Every structure is written in C-alpha cells, then in structure tokens.
Amino acid sequence: MKIILLGPPGAGKGTQCKRISERYGAAHLSSGDILRAERKAGTQLGKEAQRYMDSGALVPDQLIIDMMIGAIKKCPKGYLLDGFPRTVVQGEALDKALAAAGEKIDAILNLQIDDSVIIARMSGRRSCSKCGAVYHVSNQPPKVAGICDSDGEMLSQRPDDKPEVVENRLKTYHAQTAAVVGYYQKVGRKVIDIDADKSVDAVSKAIFVKLDALK
Ligand code: ADP
Ligand code: AMP
C-alpha cells in the first residue's frame, strides 16, 4: 500500500500513520522524523536543515526530495508518506520518480482541520526522543505523566511546537503546502478529504473505511 497523507502540522498525520501502519503493514515515512534523526546524528543534512526547522520554515526542496526519494526506494512493499510532499515542486518530483520506477500512489488522504484546533494540539504535543511515540498532555496522555509508555524515556516538547514557531509553521502551510491538494486535483488524482477534528479513534475509522475500499 502506497499512501500520501496531506494536512497541516498537528492535524494528526503521525498519529494516524502509526495506526495505518499497524493495520496494513506499510512503512511510516515521516519527513520530519527523518530530519530530526539526521539532526540527532549530526549529519550534514541535519545541520543544514536545523535553521529552517527551528524557525518554522520549509527545508529547501532539493534536500528533501533527495532524502525522501531515497527513503521510498528502500520500501518497495509500501509506505505512508507523512509530511511529504509539502510543496508543488516536491509533488512534481515525487510523480517523476514514481513514473520512472513504474509505481503509483494508491490513495491521497487530506486531513482537514481548523488552525484554532491545531494550536491546542501542538501546544500539548509531547514526544519520545528515543522511539518517536507521540502523545498529548490531555487528548492522548501517557499512562504516567511525562514518561513514554513504550520505553520509559522522558517525554519532551518539540522546540518547534512553541507558540511563536507554530504560528510560522501554520503561515508556511497556508503559503506553500495547502496548494499541494490543488496540484493533485489538477493532475487528475482523487484526494480523499478526512475530517480530522474528531477523536483519534473516529478519524482512524474514517480512514480505514476508505483504505479498506481500495482492496
Ligand atoms: P502531525 O503528524 O500531523 O503533525 P500529530 O499526529 O503529531 O500531528 O498530532 C499532533 C498532536 O495532536 C499530538 O499531541 C497528538 O497526540 C494529538 N492528536 C492527534 N490526533 C488527534 C485527535 N484526533 N484528537 C485529539 N488530539 C489528537
Ligand atoms: P513535521 O515533523 O512534519 O512537522 O516537520 C518538522 C519540520 O521539518 C518542518 O517545519 C520543516 O521545517 C521540516 N520539513 C519536514 N518535512 C518537510 C518537507 N517535505 N519539506 C520541507 N521541509 C520539511
């Protein structure tokens, strides 16, 4: 299964990808998670990406395209793209790479949600820097406050989830990323809208109904 999840930061893409991956077995490829791993490892890419990520801007297209096309090539059986493509240029590059490999995306899901809900979600997001598990202080709390259920590590707030950076990330989304939906519609791809302003279970259910229908 090859799926793209579109939607603003904080819409719940990562949360839903984990569940989709468990149900259908496709690899979860989050461009943000890959960049954070590069930063942690101190690679050249991680160093270059740092200033863009910290300010809520997008990392330059060519760096992201090379990184994500490389990641996709390692997952021939299927993947869930989370956070990529984030510009029309990235969407075009992905289409070109897929066409060259004779592959196609099975579905494009667009998680829809208002900015006002996103701000509350992102300010309460906590993540495990070891395993990447994502929680929310009130919507999806861990069993013990501040501690990851899976590995007992301390949870932390992403620096780019601070209010001033969140504001920039939303501006970036509206200015550069929202157009990706229009791009796919223009090239004749069906984009499946999902109401993401529901409980995690309700959103998963809506997604599973659509993905089950693909089989
Ligand atoms: P994205 O990957 O789109 O940036 P996340 O999956 O990390 O978003 O979710 C952002 C925050 O919102 C997290 O703290 C997560 O626990 C919480 N969250 C995700 N989906 C929902 C939902 N349906 N209802 C309430 N909170 C949610
Ligand atoms: P995310 O974890 O998806 O919220 O991404 C965190 C940050 O990584 C973003 O604010 C961007 O700075 C950067 N990033 C992630 N994916 C992309 C992408 N496809 N294109 C450009 N920058 C990206």
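Predicted model: local features only at pLDDT ≥ 70, side-chain atom pairs only at ≥ 80, totals over all residues.
Before you start: local features need pLDDT of at least 70, side-chain atom pairs count only at pLDDT 80 or more, and totals for chains, interfaces and linings use all residues. Residues are numbered from 1 along each chain as its sequence is written, chains are lettered from A and ligands numbered from 1 in the order in which they are written, and side-chain values use heavy atoms, with hydrogens and water left out.

**Exercise 1. The shell of ligand 2**

Solution: 
- Start with the shell, taking a residue as near if one of its heavy atoms lies within 4 Å of the ligand.
- Helices (H or I, at least four residues) and strands (E, at least two) are DSSP runs, numbered from the N terminus.
- Now list polar contacts, which are pairs of N or O atoms within 3.5 Å; within protein, one must be able to donate a hydrogen and the other to accept it, and residues adjacent in sequence count only if both atoms are side-chain atoms. The side chain of Arg86 has an N or O atom 3.0 Å from an oxygen atom of the ligand, and that of Gln90 has one 2.9 Å from a nitrogen atom of ligand 2.
- Finish with area: taken alone, ligand 2 exposes 480 Å², and the protein buries 96% of that (Shrake-Rupley method, 1.4 Å probe; for residues, only the protein chains shown count as cover).

**Exercise 2. The shell of ligand 1**

Solution: 
- Ligand 1 has 18 residues around it, the closest being Thr15, Arg125, Tyr135, Gln140 and Lys198.
- They divide into six nonpolar, eight polar and four charged.
- A polar side-chain atom of Gln140 lies 2.5 Å from an oxygen atom of ligand 1, and a backbone N or O atom of Ala11 is 3.2 Å from an oxygen atom of the ligand.
- Alone, ligand 1 exposes 560 Å², of which the protein buries 92%.
- Helix 1 (13–24) and strand 6 (134–136) are the elements giving two or more residues to this shell.

**Exercise 3. Arg169**

Task: Is Arg169 buried or exposed, and which backbone oxygen does its side chain reach?

Solution: 
- Locate Arg169 in helix 7 (residues 163–177).
- Its relative accessibility is 9%, so Arg169 counts as buried (buried is under 20% relative accessible area, exposed over 50%, partly exposed in between; 1.4 Å probe, protein chains only).
- The side chain of Arg169 reaches the backbone oxygen of Asp160 at 2.8 Å.

**Exercise 4. Two faces of helix 3**

Task: Where do the buried residues of helix 3 lie around its axis?

Solution: 
- The buried residues of helix 3 (residues 44–55) are Leu45, Gly46, Ala49 and Met53.
- Seen down the axis, they fall within an arc of 80 degrees, so they line one face of the helix (the arc is that of the directions from the helix axis to the C-beta atoms).
- The face turned away from the buried side carries exposed Gln44, Lys47 and Arg51.

Key:
Nonpolar A, V, L, I, M, F, W, Y, C, P; charged D, E, K, R; others polar.
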